[in-house]
Every structure is written in C-alpha cells, then in structure tokens.
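Welcome! Here is a short tour of a protein for someone meeting it for the first time. Please take a look at the sequence and the structure below before reading on.

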Amino acid sequence: MKSHKNDIRYQAYRSQARNLSAELIREQPDLLREGIDPHQVRFEPINDEAIQASHLWGEETTLYPWEDVSSWRADDRKGFDLSLWYGPELCGLCYATPRKSSICIKIIILEGKPDRSHPLKGEVASLALLAIDYYARMIKCTEIEVQDPEPLVVPWYQELGFDFSEDGRLVIQVNA
C-alpha cells in the first residue's frame with residue numbers, strides 16, 4: 001500500500017514541476033529568447049502523442065528509444081519524463097531519474113527536434129533543466145548530472161552552469 005501512495009506522490013511532483021516551469025516562464029518571459037510566446041510553451045509528460053510526434057521529426061529522426069519511456073516509468077517511480085511543445089509542435093523530449101540516489105538526479109536522455117527552425121531551438125535544454133530542477137528540489141536531490149554526455153554538447157551544458165566534478169561527472173547544483 002505504501003508503494004502506491006509513493007507512486008501518487010511522485011506523479012504529483014512530476015506534474016507540479018511541469019506546471020511550475022510553465023508558470024515561471026509566463027511570469028518571466030525574458031527567460032526565453034525574444035519572439036517566443038511563453039503561452040505557447042507546454043511542459044507535458046511523454047505520452048503516445050509525443051512519441052507519435054517524434055516519429056515525424058524526419059530523416060534525422062531520434063536516436064533514442066522514446067517508446068520505452070512508459071516501461072521505464074513503470075519500473076522507476078521517481079523517474080521524470082518531459083515533452084516540450086510550442087503550440088502543436090513537439091520541440092523536445094527528456095528523461096531524468098535519481099535511480100537509487102537520494103542526492104543526484106541524472107539526465108539520461110535529452111533531445112531537441114533536429115529541425116533547425118523549430119520555435120524552441122536553443123531553448124530545449126534550459127527549459128528541461130528548469131523542470132528537472134523543480135522536480136529535484138521536490139525529491140530533495142542536491143545535484144543534477146548529465147549521464148554520458150556527448151562531447152559535442154558539453155559546451156552547451158557548461159553554458160547552462162554545469163561543470164565537471166573531481167570524479168569526472170558533468171553536474172550542476174540544484175537551486176536551494
């Protein structure tokens with residue numbers, strides 16, 4: 001019975017983190033690049049609609065198994081899934097989890113739509129990080145780590161405030 005109660009609690013945290021992220025950018029639209037309407041940005045779970053939309057990303061289609069997220073969620077009650085939309089257009093997907101850690105939540109996969117002209121180009125990682133940060137605080141994690149970052153994207157993460165720890169992990173401290 002306790003497990004079911006915890007599942008509902010984490011489900012509520014995920015939803016609250018997404019909602020708080022949307023509220024923050026509506027209240028502070030300057031957090032977004034000029035020309036982006038904060039009311040068009042949606043923070044949603046990864047559902048069938050998001051997975052179907054990711055299949056429409058074209059020839060450069062996703063390298064990640066987004067279809068597996070529902071089974072990951074079933075096995076990982078603390079996992080955090082996020083789809084980022086601009087109006088009807090899917091612009092990004094992310095999955096993060098603390099696994100068995102009470103200190104660190106890891107960004108397992110984060111992907112923006114490969115189309116260079118989508119409305120949230122250059123914003124996907126910072127928006128995902130915003131939502132992950134809210135969620136991390138709710139589950140009392142103190143750091144966010146990028147698991148196995150592609151070397152080419154490390155500078156992007158560093159621009160967002162990530163840095164390598166002494167043990168070689170790419171991390172950022174969670175905002176208190």
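The side chain of Arg137 meets that of Asp133 in a salt bridge, at 3.0 Å from N to O. A salt bridge here is a side-chain nitrogen of Lys or Arg within 4 Å of a carboxyl oxygen of Asp or Glu. Asp133 counts as buried, at 8% relative accessibility.

Both Arg137 and Asp133 belong to helix α4 (residues 124–138), where they sit four residues apart, about one turn of the helix. Helices (H or I, at least four residues) and strands (E, at least two) are DSSP runs, numbered from the N terminus.

## About the model

This is a predicted model, in which local features need pLDDT of at least 70 and side-chain atom pairs count only at pLDDT 80 or more, while totals for chains, interfaces and linings use all residues. Residues are numbered from 1 along each chain as its sequence is written, and side-chain values use heavy atoms, leaving out hydrogens and water.

## The overall fold

How many helices and strands does the protein have? There are five helices and seven strands, and from the N terminus on they run α-β-α-α-β-β-β-α-β-α-β-β. The radius of gyration is 16 Å, close to the 16 Å that the globule rule gives for 176 residues, so the protein is as compact as a globular protein of that length. That radius is taken over C-alpha atoms, and the globule rule is 2.2 Å times the number of residues to the power 0.38. Along its principal axes, the C-alpha trace spans about 45 × 40 × 35 Å.

Of the 176 residues, 45% count as buried. Among contacts (heavy atoms within 4.5 Å) between residues at least 6 apart in sequence, 65% join residues at least 24 apart.

## A network of charges

A search of the whole structure finds eight salt bridges. Glu143, Glu145, Asp167 and Arg169 are linked in a network of them. Within it, the side chains of Arg169 and Glu143 meet at 2.8 Å, N to O. This pair links distant parts of the chain, 26 residues apart: Arg169 is in the loop between β6 (163–164) and β7 (170–173), and Glu143 is in strand β5 (residues 143–146).

Arg169 also forms a salt bridge with Asp167, with the closest N and O atoms 3.2 Å apart. Asp167 is exposed, at 54% relative accessible area, Arg169 is partly exposed at 24%, and Glu143 is buried at 11%.

## Cysteines without a bond

In general, a disulfide is a covalent bond between the sulfur atoms of two cysteines. The structure holds zero disulfides, counted as pairs of cysteine sulfur atoms within 2.5 Å. Cys141 is in no disulfide either, and its nearest cysteine sulfur, that of Cys104, is 6.8 Å away. Cys94 is buried, with a relative accessible area of 1%, and Cys141 counts as buried at 5%.

## On the surface

The protein exposes about 9800 Å², with carbon and sulfur atoms supplying 51% of it. Accessible areas come from the Shrake-Rupley method with a 1.4 Å probe, and for residues only the protein chains shown count as cover.

Note on methods: Buried < 20%, exposed > 50% of the residue type's maximum accessible area, 1.4 Å probe, protein only.
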